[in-house]
Amino acid sequence: MKKVVTFLMVVILLSLFAVWADTASAARVISDWSYIYDGVWYATGSDTSPRLMRAYAIRIDLDNPDISLRATNTNGDATGETDLKTPSQFLTGQSLEAAINANFFVNLDGVHANVNGLLMRAGSVISSHSSSYPIQLRVTSDNEASIVDASGNPSGVYTAVAGDAWHLTNGGCYGANDTADPRTSVGISQDGRFLIMCVVDGRQPGYSMGATILDMSYWMKDFGAHNAMNLDGGGSTCMVRKNGGDAQILNSPSENREVGANLGVNALDRETRHDIFVRGGQQGNINCKHKIGNDDWSNWQYLGKPDVGTVGDPAAISRSPEKISLYVTGGDGQIYRKFYNGSWSDTWVAFDGNSIVGGPSACAMNSDRIDLFARDTNNHLLHKKWTVDDGWGDWVNRGGSIASDPAATSWGPGRIDVFARSTDGTLVQIAYDNGSWGSWYDHGHSMIGSPAVCARDKNILDVFWREADGRLKHKAWLGLGWTDITNLGGAGLNCGDPGATSRDTGVVTVFIPQSDGYIWSRNWNSNGWYAWSNAAGDSMNTQHGVDACSWTNDAGTHQ
C-alpha cells in the first residue's frame, strides 16, 4: 500500500510540474531576432508565470570569420588577478559590440578582484580552474565552442569562462527551482554554430522578479541553446551593446556593479547599402547609383541596355551581399539580365521566350533562389524561378488579369507576395505560401501605373501605388491585418512608377521619379515618415519607373 501511495504522489507531483511548465511556456513571449551587427542578433522575452520575468539575449554566429570573443585580461603585477570593471567599461575599453558579466569573483579592495574558476584570454590563463566552479565554456581560436564539467586548466583553448551549475544539458532542462534572482547564462546551439548569452532581471517588483536555475534552463532553450551554464548573477547581471562610441545597457540591472570578469564579442559594424535603377534620357539606357550607410549617394553609373530597341523599366534583386541581378524587357519581348558581383558584367544575356509586355519584377526568399515575374501579351502573370542547384526553370502561368508591371517581394523562406494593377484598374495581389499559390485578391484601390512593395521584416509588407491624380498611397500588412491607407503625396501625373526597399529591419525607403527629372525619396522608421528629399541628386531627365534593392555586409538581405 505504501508503494502505491508513493507512486500516486510521484504522479501527482509530475503532473503539477507539467502544468507549471505548460503555464510558463503559455505565458512566455519572445521577440524575433534582430540583426544588430555582422553575425550578432538580439532578442528579448517576457513571462508572467511562475513570476514576472524579463529576459534579454545575444546570439553570436561562431561560423562568421569576422567574429571573435574576448574575456577580461590580467591586471599584470597589480593586486589580485583582474581589475574590477562594469560590462560597459569592459565593452568600450576593448572596442567590443556586446558583452555580459561572466565568472563569480571576490572584490579585494574596490579596485582589484580574484576570479573564481577558469578564466582565459587569448590562450593565457588569467584564473585557474576551481572545483567549486567546474562548469566551463571553452572556445578555441577557430571559434569552436563547448561547455564541459571539467577539472584542471585546458590546452588548446583561446577563451574560457566558468560557472557553478548547468542550466541545460543536451536539450534537457533541469536545476534548482528555489531562489529567484537576477541571472546570467551562456549556452551553445545543438549544431555548435551559435553562442547565446542571456540575462534575466530580478529584485524589481512590478518589472521582473528574477529566475531560478530551472527557469534559466527554459529561457536558454527558448533562445536556441542545447547546452547552457550559470554565470555570476544577482547585482552583477548585466548585458550591454555598443551604441556609437558608448555602451548601452540593454537590461535593467538591480545594481550597476563592477565585476571581476566579463565576456564580450567583437564584430563588424553592420553596413547597409541600397541601389536604385532607372532608365533615363532619350535612349532609355539603364543607370544606377548606390548609397552605403550614412554616406552620400554615389554618382550615376551607366549600364547601357540590350541592343533590341526600347527597353522597359528595370527590376533588381540582391540575393546575398555583393550580388545583384538586374532584368529588363527588350523591344523584342524578351527579358535580358545583367549581373553585379563586385563589378557589373559587360553583356546583357537573353532569356528564352518572347511574349513579355512591360517590365519584370524579381524577389529572393533566400540566398539560393530568385523568383522572376512578368506580364505576357494575354495580361497573365508569368513566373519562373532560379535555384543554385537547378538553375532556371520554365515559365509558369500564374493567371490573373493584370495591366501593369508586377511588384514582387519575399519576407522570408517559403513566402512570396506579388502585386499589380488589374485590367479593371485596381490593386490586386497573389501570394505563394509554403509550397502553394493562392488565389488572386482584389484590394479594390483604384490606381494608375505599377505598384511597388518591400518587406521590412518577417510577415510585414509595405505596398505603394499612385491614384488617378498621381498622389502616392501606402498601406502595410503587419501580420494580422492591413493598416489604413496613408497619403504620402509627393507625386504628380508626370511622375514615374515608384520603387521601394527595406535596407534594414524596421526601415523603409520609397523612391519616385518626379517631373523635374530627379529621383525623390521618403524614409520611414519607428518615428514615422520623414519629408520627401531629392538626396539622390543628379537629374536623370526621366519620368520612367524606378526600382531599388538592398543588402547588408552580412548574410541579411532586404528587398
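These are my notebook entries on a predicted model, going from the whole chain to two of its residues.

**Whole chain.** I began with the secondary structure and found three helices and 48 strands in the chain. I then looked up the extent of the C-alpha trace, which spans about 80 × 65 × 45 Å along its principal axes. Of the 559 residues, 55% count as buried, and the chain exposes about 22800 Å², with carbon and sulfur atoms supplying 46% of that area. For contacts between residues at least 6 apart in sequence, I noted that 55% join residues at least 24 apart.

**Charges.** I looked up 42 positive and 59 negative charges in the chain, and their mean positions are 3 Å apart. Glu271 counts as partly exposed because its relative accessibility is 41%, which falls between the limits of 20% and 50%.

**Ala57.** I next turned to Ala57, which sits in strand β4 (residues 53-61). Ala57 has a relative accessible area of 0% and is therefore buried, the cut-off being under 20%. Setting aside neighbours within four places in sequence, I listed the contacts of Ala57 as Trp33, Trp41, Tyr42, Ala43, Met197, Cys198, Phe223 and Met239. I also checked Ala57 against Val200, and recorded a C-alpha to C-alpha distance of 8.9 Å for a separation of 143 residues in sequence.

Notes: Residues are numbered from 1 along each chain as its sequence is written. This is a predicted model: local features need pLDDT of at least 70, side-chain atom pairs count only at pLDDT 80 or more; totals for chains, interfaces and linings use all residues. Side-chain values use heavy atoms; hydrogens and water are left out. Buried means under 20% relative accessible area, exposed over 50%, partly exposed in between (1.4 Å probe, protein chains only). Helices (H or I, at least four residues) and strands (E, at least two) are DSSP runs, numbered from the N terminus. Contact means heavy atoms within 4.5 Å. Accessible areas come from the Shrake-Rupley method with a 1.4 Å probe; for residues, only the protein chains shown count as cover. Lys and Arg count as positive and Asp and Glu as negative; His and the chain ends are not counted. The place of a charge is taken as NZ of Lys, CZ of Arg, CG of Asp or CD of Glu.
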